[in-house]
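This briefing sets out how the parts of one protein chain are arranged and how they meet. Please read it alongside the sequence and the structure shown here.

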Amino acid sequence: MNSGGDDRGSRATVMTSPIESASELDAKDPLAGFRRRFLIDDPELIYLDGNSLGRLPAATVELVESAVKEQWGKGLIRSWNDGWFEAPERIGDKIGRLIGARSGEVVVADSTTVNLFKLALTALKQRPGRSRILTDDLNFPSDLYSLTGVVEALGDRHSLEVVPSADGINGPVEEIRARLDERTALLTLSHVTFKSGYLYDMVALTRAAHEVGALVLWDLSHSAGAVPVDLEAARADLAVGCSYKYLNGGPGAPAFLYVRRDLQESLTNPLPGWMGQLNPFAFELSYQPVADVRRFLTGTPPILSLLMIEPGVDLLLEAGMRRVREKSIRQTGYLIELWRQLLAPLGFSLNSPENAPRRGSHVSLGHSEGLGIDLALIREMKVIPDFRQPDNIRLGIAPLYISFSDIQQAVWRLHEVVERGLHRRYLGNAPVVT
Ligand SMILES: *Cc1c(COP(=O)(O)O)cnc(C)c1O
């Protein structure tokens, strides 16, 4: 993007005095004030896992209190008529503003995996006579499992083609283009891939799929709240995504799904339920779906968890995705620059795209002793990244609460772990969740 001037400036200062340069960058950061809007109880802890579980917005703490005590405790069943019933659409519309959807195209429901199942299955039914689903091997495994279930549910008449990435970092764009043809029913990809953080060109690939008559389903789990998405401009058909990563919705918060308006009436929910019924409280014995995106709702939403998504989304709307992206590019660029100077000499490789327009908001660093380093960072150094097999230390940059000083400190601490060999005692010691 357009941060070339800044990058050059910081590169020069990093060489001589890194500490000064990080605080200078922080001093002119227009989003710096957003950090105070999150509950940060230990200022020394550097949290670089907002791409897995976002931090807790301060406003959410108050909302929990009122949702439990007032809405549930006092309002009881009446609260369904006081905002609960419409919450999946209302909060869906707000998420929609972050991803370039129009009002009435996004609802919050279920988990990303379940939503992917629902939308992929109905998409395949829309393309009878076509038997191929195209995806890549950078995709999130749960997405592939879900697609396997879709194929099985439709009687094993489709093939799932998983196009391999040549280097495990960059999306196999040319191979995907080459395989798109009149047999392709559906192209489905993670817009930003979970390991390397590769960012696909949504506009170009959606167009390519449409040219052969295929539908496209984007997984926005690592995009929503991290990179600007314009579903409308891309003419995207379908999308799903997570709310507990960069949206800061809280552990296990329900996911969202998007269906372009002109497709809504022709697509059906393969897991129909009363929340998608035209008039759920008529208790009709036969199912008649509502005409809009709500037909993709199934059962009763987890109201408390659903309501908690809103404060994090509001913060992102207030900050604006353009500014979030500008800061994210500066910060991941800064991190890569520090990697080059301080970590590459210690055996770390860059497992994310160097080219900013093709990079999401996390940076993966590879190291043959990566898991030990990850555990030493968490247990001894107050840095929380995460680890993805085989050797990726993932450093998630959530611009609303990460400072340049955090990034610089994290790199110093990484450097120290390896220089002092602190990671050695953790090798071969994996916890269940990494
Ligand atoms: C995190 C993530 C998911 C999570 O799916 P759940 O069903 O919500 O557990 C799915 N897809 C991608 C690409 C992800 O990054």
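A salt bridge is a side-chain nitrogen of Lys or Arg within 4 Å of a carboxyl oxygen of Asp or Glu. By that rule, the count between domain 1 and domain 2 is zero salt bridges, whereas a search of the whole structure finds 27. The model is predicted, so local features need pLDDT of at least 70 and side-chain atom pairs count only at pLDDT 80 or more, while totals for chains, interfaces and linings use all residues. Residues are numbered from 1 along each chain as its sequence is written, and side-chain values use heavy atoms, with hydrogens and water left out.

**Overall architecture**

- The protein chain has 14 helices and 13 strands; these are DSSP runs (helices H or I, at least four residues; strands E, at least two), numbered from the N terminus.
- The protein chain is as compact as a globular protein of its length, because its radius of gyration of 22 Å is close to the 22 Å that the globule rule gives for 434 residues. The radius is taken over C-alpha atoms, and the globule rule is 2.2 Å times the number of residues to the power 0.38.
- Along its principal axes, the C-alpha trace spans about 70 × 60 × 45 Å.

**Domains and their interface**

- The chain is divided into domain 1 (7-30 + 320-426) and domain 2 (60-318), with bounds that come from an automatic or database domain assignment.
- The centres of the two domains, taken over C-alpha atoms, are separated by 30 Å.
- In domain 1, 26 residues are in contact with 24 residues of domain 2, contact meaning heavy atoms within 4.5 Å.
- About 1,900 Å² is buried between the domains, with carbon and sulfur atoms giving 58% of that area. Buried area is the accessible area (1.4 Å probe) that two parts lose on being put together, summed over both.
- M321, R358 and H362 supply 33% of the area that domain 1 buries against domain 2, more than any other three residues.
- Across the interface, 13 residue pairs are in polar contact (both at pLDDT 80 or more). A polar contact is a pair of N or O atoms within 3.5 Å; within protein, one must be able to donate a hydrogen and the other to accept it, and residues adjacent in sequence count only if both atoms are side-chain atoms.
- On the side of domain 1 that touches domain 2, α12 (321-343), β10 (362-366) and β13 (392-396) each supply at least two residues, and α12 gives the most, with five.

**Local features**

- E70 forms a salt bridge with K74, their closest N and O atoms being 3.3 Å apart. Both residues lie in helix α3 (residues 58-74), four residues apart, about one turn of the helix.
- The peptide bond from Q389 to P390 is cis, with omega near 0 degrees; P390 is in the loop between β12 (386-388) and β13.
- D156 is not a glycine, yet has a positive phi of about 55 degrees; D156 is in the loop between α6 (141-153) and β4 (159-163).
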